[in-house]
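Before reading on, please take a moment with the sequence and the structure shown here.

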Amino acid sequence: MNTYNTADVLYAERGEYWQHAISHTFVPLESTFSGNDRHGVISSRNWGDLRLSEVSCSAQNVIRRRKGADNHPDNAMLLSFISQGKTSVIQAGGHAGLGQGEFGLYDTRFPYELHLHGETRQHVVQIPIEHLRQRLGKTEHLVAYSFGKKHSLTPFLYVLLNNLMAQREDIASRHTSVLYRQLLELLTVIVSDECRAKRSSRSSAGLLLQIKIMIDQQLSDTTLSVSGIAESFRISPRYLSMLLKSDGTTFGRYVLTQRLNKASLALQSPLYSDIPISHIAWKLGFSDMAYFSRAFREKFSCSPTEYRHQAGEA
């Protein structure tokens with residue numbers, strides 16, 4: 001078991017020490033303690049594909065920025081199960097407040113924020129995304145939601161996490177695979193049940209918002225399609241098109257508009273001043289540069305090159 005404890009360092013060094021501890025245990029992050037209390041303990045252990053940590057700490061803010069996600073890609077989903085205190089999870093336009101007995105998911109491939117309000121204790125499980133996709137399909141719409149508060153299986157998930165942290169590290173690999181499957185099965189049932197309940201009670205406006213969030217997350221995918229997005233929400237492509245039509249647009253028009261808007265923001269930003277326009281377009285899902293230039297001119301009344309030049313003069 002690997003352990004980090006701020007009690008082992010001077011008070012003045014705890015901020016830097018703690019950031020190193022959580023970045024080394026999970027993914028590169030920025031963390032700042034809130035208030036004068038600066039203490040925390042992380043214990044973590046691995047069994048094959050299963051990596052489990054227990055974190056106890058004072059109030060703090062944790063940010064996974066775009067730069068960190070791009071430079072250190074980790075195809076992992078993090079599950080935070082709260083056993084004490086309150087934590088907020090923000091990702092992809094979503095926000096979830098997690099209290100005792102609840103858990104949330106966040107995707108390490110993209111930026112996110114965690115705000116730990118006061119003394120907090122939680123278990124954090126790092127799960128390869130492909131393992132969740134095998135059971136739950138696409139995972140993008142699962143981030144920044146609160147799960148488990150009223151589900152009858154949540155106490156069993158909590159007991160399993162506690163027992164796993166207490167077990168010896170010399171468990172046979174065939175036994176750890178059994179425990180890992182049990183964890184995934186519990187997680188799958190809870191998330192699936194609560195997603196169905198959320199969808200059945202969710203208004204069409206709320207569903208449309210979630211659809212738009214997922215589209216925005218996948219703009220770089222050149223194969224992005226109405227059928228693929230519809231499948232993620234277990235609705236028909238026809239119904240998804242009807243929702244967009246009620247908002248005065250179509251799937252293709254919405255995707256194109258969002259891609260062009262993001263391209264315009266990149267062309268205005270000094271951070272992208274040395275990036276070729278063709279690379280910006282490609283990263284936003286445009287595989288045909290002539291089509292990109294034509295569509296950009298139609299929307300902004302000038303070419304991408306002219307737009308960048310005008311932004312630089314402003």
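What follows moves from the chain as a whole to its aromatic rings, a helix pair and a few loop residues.

**The chain as a whole**

The model is a predicted one, and its secondary structure comes to 12 helices and 9 strands. Along its principal axes the C-alpha trace spans about 65 × 50 × 35 Å. Of the 314 residues in the chain, 48% are buried. When contacts between residues at least 6 apart in sequence are considered, 72% of them join residues that are at least 24 apart.

**Aromatic pairs**

The structure holds 13 aromatic pairs.

| Pair | Centre to centre | Angle between planes | Arrangement |
|---|---|---|---|
| Trp 18 and Phe 33 | 6.2 Å | 35 degrees | tilted |
| Tyr 106 and Tyr 112 | 4.7 Å | 55 degrees | tilted |

Trp 18 belongs to helix α1 (residues 14-25) and Phe 33 to strand β2 (residues 30-33), so their pairing ties together parts that are 15 residues apart in sequence. Trp 18 is buried, with a relative accessible area of 1%, and Phe 33, at 16% relative accessibility, also counts as buried because the cut-off for that term is under 20%. Tyr 106 and Tyr 112 are both buried as well.

Ring pairs also link Phe 286, Tyr 291, Phe 292, Phe 296, Phe 300 and Tyr 307 into a cluster. Within this group, Phe 286 is found in the loop between α10 (277-283) and α11 (289-300), and Phe 286 is buried, with a relative accessible area of 3%. Leaving aside residues up to four places away in sequence, Phe 286 touches Leu 256, Arg 259, Leu 260, Ala 281, Tyr 291 and Phe 292. Phe 286 and Leu 219 are 67 residues apart in sequence, while their C-alpha atoms are 9.2 Å apart in space. As for Phe 300, Lys 299 lies over the face of its ring, at 5.5 Å from the ring centre.

**The packing of α9 and α11**

Two packed helices are described by the angle between their axes and by the distance between those axes. How are α9 and α11 oriented relative to each other? Helix α9 (residues 251-268) packs with α11 at an angle of about 85 degrees, and their axes are 11 Å apart. The two helices are therefore roughly perpendicular to each other, a term that covers angles of 65 to 115 degrees. On the side of α9, the contact is made by Leu 256, Thr 257, Leu 260, Asn 261, Ala 263, Ser 264 and Leu 267, and on the side of α11 by Tyr 291, Phe 292, Ala 295, Phe 296, Lys 299 and Phe 300. The residues of this contact divide into 9 nonpolar, 3 polar and 1 charged.

**Residues with positive phi**

Ala 92, although it is not a glycine, has a positive phi of about 55 degrees. Ala 92 is placed in the loop between β6 (76-91) and β7 (94-98), where it is partly exposed, with a relative accessible area of 28%. Ser 301 likewise has a positive phi, near 65 degrees, in a residue other than glycine. Ser 301 lies in the loop between α11 and α12 (304-313), and with a relative accessible area of 65% Ser 301 is exposed.

Key:
Residues numbered from 1 in each chain as written. Predicted model: local features only at pLDDT ≥ 70, side-chain atom pairs only at ≥ 80, totals over all residues. Heavy atoms only, no water. Helix = DSSP H or I, 4+ residues; strand = E, 2+ residues; numbered from the N terminus. Buried < 20%, exposed > 50% of the residue type's maximum accessible area, 1.4 Å probe, protein only. Contact = heavy atoms within 4.5 Å. Phe/Tyr/Trp six-rings, centres within 6.5 Å; stacked < 30°, edge-to-face > 60°. Lys NZ or Arg CZ within 6 Å of the ring centre and 35° of its normal. Axes fitted to C-alpha atoms, helices over the stretch in contact; angles between N-to-C directions. Parallel < 35°, antiparallel > 145°, perpendicular 65-115°, else oblique. Nonpolar A, V, L, I, M, F, W, Y, C, P; charged D, E, K, R; others polar.
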